[in-house]
There are 2 protein chains.
Amino acid sequence: MVKIAILGFGTVGSGVAEVIEENADSIARRAANEIGVKYILKRKQLPDSPFADKIIHDFSIIEKDPEIQVMVECIGGLDAAYDYTKRCLMAGKSVVTSNKELVATKGHELIAIAKEKNVNYLFEASVGGGIPIIRPITQCLAANEIDEIYGILNGTTNYILTKMIQFGASFEQALKQARDNGFAEKDPTDDIEGHDSCRKICILSALCFGRHVYPHQVPTRGISGVTRSDVEYARHLGYKIKLLGRALRTGKDTITAYVAPHLINKTSLLSNVDGVMNGIVVHGNAIGEAIFYGAGAGKLPTASAVVADVIDAVKHFKARKYLDWEDSVPGYVTDSDELPSRWYVRTGASLEEIGRAFGNVKFISYPEADPGEYAFATREMTGHQLKSLINGMEVRSVFRILD
Amino acid sequence: MVKIAILGFGTVGSGVAEVIEENADSIARRAANEIGVKYILKRKQLPDSPFADKIIHDFSIIEKDPEIQVMVECIGGLDAAYDYTKRCLMAGKSVVTSNKELVATKGHELIAIAKEKNVNYLFEASVGGGIPIIRPITQCLAANEIDEIYGILNGTTNYILTKMIQFGASFEQALKQARDNGFAEKDPTDDIEGHDSCRKICILSALCFGRHVYPHQVPTRGISGVTRSDVEYARHLGYKIKLLGRALRTGKDTITAYVAPHLINKTSLLSNVDGVMNGIVVHGNAIGEAIFYGAGAGKLPTASAVVADVIDAVKHFKARKYLDWEDSVPGYVTDSDELPSRWYVRTGASLEEIGRAFGNVKFISYPEADPGEYAFATREMTGHQLKSLINGMEVRSVFRILD
């Protein structure tokens, strides 16, 4: 039997323990080895938990126990998670995590340590929750030059936008619903403002294009500025508003990445990814387009991705997985405003002003629209071109259109 | 450099050679080793091909060359493909294939030989073309008990049905279009009658549930019986007709599997998988629902899946992948007619006959419908129950409804 330790026993950590117990037989068959939880690191005791006898408070017990070969980090955040992960890897233990913040911020460094120690640092659960995405990219699509990846990477914001689209809810009403149904945290800033999506597109970008991209290199806009009227204008144009993280190659060794709300065509599969579900689109030069869909968060989906990594780590004690990328270099991440697209603009400017700046545009209207404003779709242009055209205008919303 | 041999140089075989050449750099990075084609086994010479100098006609050269560590089998069919695959595995070489007929028929035996010889037999390209599906099931979803898998597994039939749905084409017109556009073979029987989908659901079933399922154990109906009026009735009920392969657990160590046209709800993601694209839905006890979408056939997508397996084989010379299942046992595959669902029925029977047999049903109508027939959706019942109710009726079409 292989013994593992779980650090942190919140939603994901307790889910991991449950999945390991519940599916013990099939896991043992797939790992060619039984897997059991020896320690759970947690500050408080859990006297009523079936796992009460495994709770410990001192990390060094795990670090020093040679029987522990795999450590599951579910603490989240950077401080303790970073310290403990590093120490486990240094001690020759493989580490599995769902901590996207840590991978997006320190992934390159931690993978380098894992490589040196000939152990694994695996993080399938850090992007797309239970959706298999990291392994498909690194293994199944290995024969492709990937040129673009984008998707709906955050369940909370997708739930809110779905409520706004389907029931005409305002952002505030939809956020309240998300909270009432347990789909938004007490402080939902990380989700709402796009930081969570940003970390995920950093990780996907590193895997697809081979170099680390740090969160601060990725311009990030969330959905707090999306209004009911934006949703309605989009609908009348045949589009839905979705928050996308997107990364694409812009040259031989350059990429660009950003997070922002987009108008996406109603006929696209991604536009039908609703509620808390996630969907990720990958473009490769051989495969064309592939799409991955599933629960992007939640206790059991995320735990199942963590446990799949644990199985993989157990199967590969002697054969390190080549999950690997280089560090970023100056000039690697280019300005996303150089990327052309059509744009949706909602503005309080006059028809004359709009005509002077844009020439002929495609106006969008609907019966209940605010008579004091216009909304339209532009021709294709870069972000810089758009900014110079709307300079001085009273602009209320600007989103890219993805056809 | 790792040297490989390609057997067969049709669409997939030549695609494999092209992808290996085109993406050589990224492949070498991912495999941690350069990969080159040493031999191509083909009956005819190809004097004008850039690969002309690699063509050989005698398989035993490959079999006996210790430098060849991986053989790519793209011959198709059973006879020579089976013989050569077996001999390569026996000679200690890993084999990669896109040959679903061979895997569905002899997979258990060939995997057992690979296991004994400590080499790999890999076949990601045999299902879903370029869509990553086999590895996600066996690795990423390893922590799940999978209870069901189904999907649109054949591009030719999906192209034909899409033309019928979108343009009101008849089956014959749509088949002609598929042929004219290179999406149907000269003899399209294997696709049209569901045999191709059958082989694929056999392979998926073995991977998900752990035992071989042979094609003759899977009741298989194709789309040649689907008419324009079926498409229209379905549309007016809010559904689309799609050919699905489906396999699900029916007990602790029993499953059922079948291939047949279904009415699927227009709001489902799968109903928007159109043209030659494929989509596969997996249900697991931890992840819930996951969907995989992409090009199910075509030269480069399929070749990219083959090459991904080659990379994997090269990376795992010393660590055999656990792609493995048991043989079938008597009673393992249960009668699919015991599976309940709602049904779509189109019949020349009278209202009275229908009422006598079914009681209240949901009739479907549209203005141009044939006045001499009725179409309706039943309540949930097994295939056996349905058969006894329609016994003696003049029935024109019967399909399951998947909600």
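Predicted model: local features only at pLDDT ≥ 70, side-chain atom pairs only at ≥ 80, totals over all residues.
Reader: What makes the relation between chain A and chain B a two-fold axis?

Author: Chain A is superposed on chain B by a rotation of 180° with 0.0 Å of shift along the axis, and the RMSD is 0.0 Å. That is the relation of a two-fold axis. A:Phe292 is the residue of chain A that comes closest to this axis, with its C-alpha at 2.5 Å.

Reader: How do you know through which surface the copies meet?

Author: Residues count as in contact if their C-beta atoms, placed from the backbone, lie within 7 Å. The contact takes 46 residues from chain A and 46 residues from chain B. Of the interface residues of chain A, 100% are also interface residues in chain B, so the copies meet through the same surface.

Reader: Which elements of chain A supply at least two residues each to the side that touches chain B, and which gives the largest share?

Author: These elements are helix H2 (24-31), helix H6 (134-140), strand E11 (288-295) and helix H12 (299-315) of chain A. The largest share, 10 residues, comes from H12(A). By class, this side of chain A has 27 nonpolar, 11 polar and eight charged residues.

Reader: What makes E11(A) and strand E11 of chain B a pair?

Author: Two strands pair if DSSP finds at least two bridges between them. E11(A) and strand E11 (residues 288-295) of chain B have five bridges and run in the antiparallel sense, so they meet that criterion. A:Gly294, for instance, has B:Ala290 in E11(B) as its bridge partner.

Reader: Why are strand E3 and strand E6 of chain A called edge strands?

Author: They belong to an open sheet of six strands in chain A, with the order E3-E2-E1-E4-E5-E6 and parallel pairing. Strand E3 (55-56) and strand E6 (121-122) each pair on one side only, and are the edge strands. Within this sheet, strand E4 (residues 68-73) and strand E5 (residues 94-97) of chain A run parallel and are joined by four bridges. A:Met71 has A:Val95 in E5(A) as its bridge partner.

Reader: How do you know how compact chain A is?

Author: Chain A has 14 helices and 15 strands. Its radius of gyration is 23 Å, close to the 22 Å that the globule rule gives for 403 residues, so chain A is as compact as a globular protein of that length. Along the principal axes, the C-alpha atoms of chain A fill a box of roughly 75 × 50 × 35 Å.

Reader: What share of chain A is buried, and on what criterion?

Author: A residue is buried if 20 or more other C-beta atoms lie within 10 Å of its own. Buried residues make up 52% of the 403 residues in chain A.

Reader: Where do domain 2 and domain 3 of chain A touch?

Author: Chain A is divided into domain 1 (2-129 + 300-315), domain 2 (134-295) and domain 3 (340-402). The centres of domain 2 and domain 3 of chain A are separated by 23 Å, taken over C-alpha atoms. In chain A, 16 residues of domain 2 are in contact with 13 residues of domain 3. On the domain 2 side, helix H11 (228-237), strand E8 (239-251) and strand E9 (254-265) of chain A give two or more residues. The largest share, seven residues, comes from H11(A). The residues of this side divide into nine nonpolar, five polar and two charged.

Note on methods. Residues numbered from 1 in each chain as written. Chains lettered and ligands numbered in written order. Least-squares fit on C-alpha atoms with pLDDT ≥ 70 in both. Contact = placed C-beta atoms within 7 Å. Nonpolar A, V, L, I, M, F, W, Y, C, P; charged D, E, K, R; others polar. Rg over C-alpha atoms; globule rule 2.2 N^0.38 Å. Buried ≥ 20, exposed ≤ 12 C-beta atoms within 10 Å, placed from the backbone. Domains from an automatic or database assignment.
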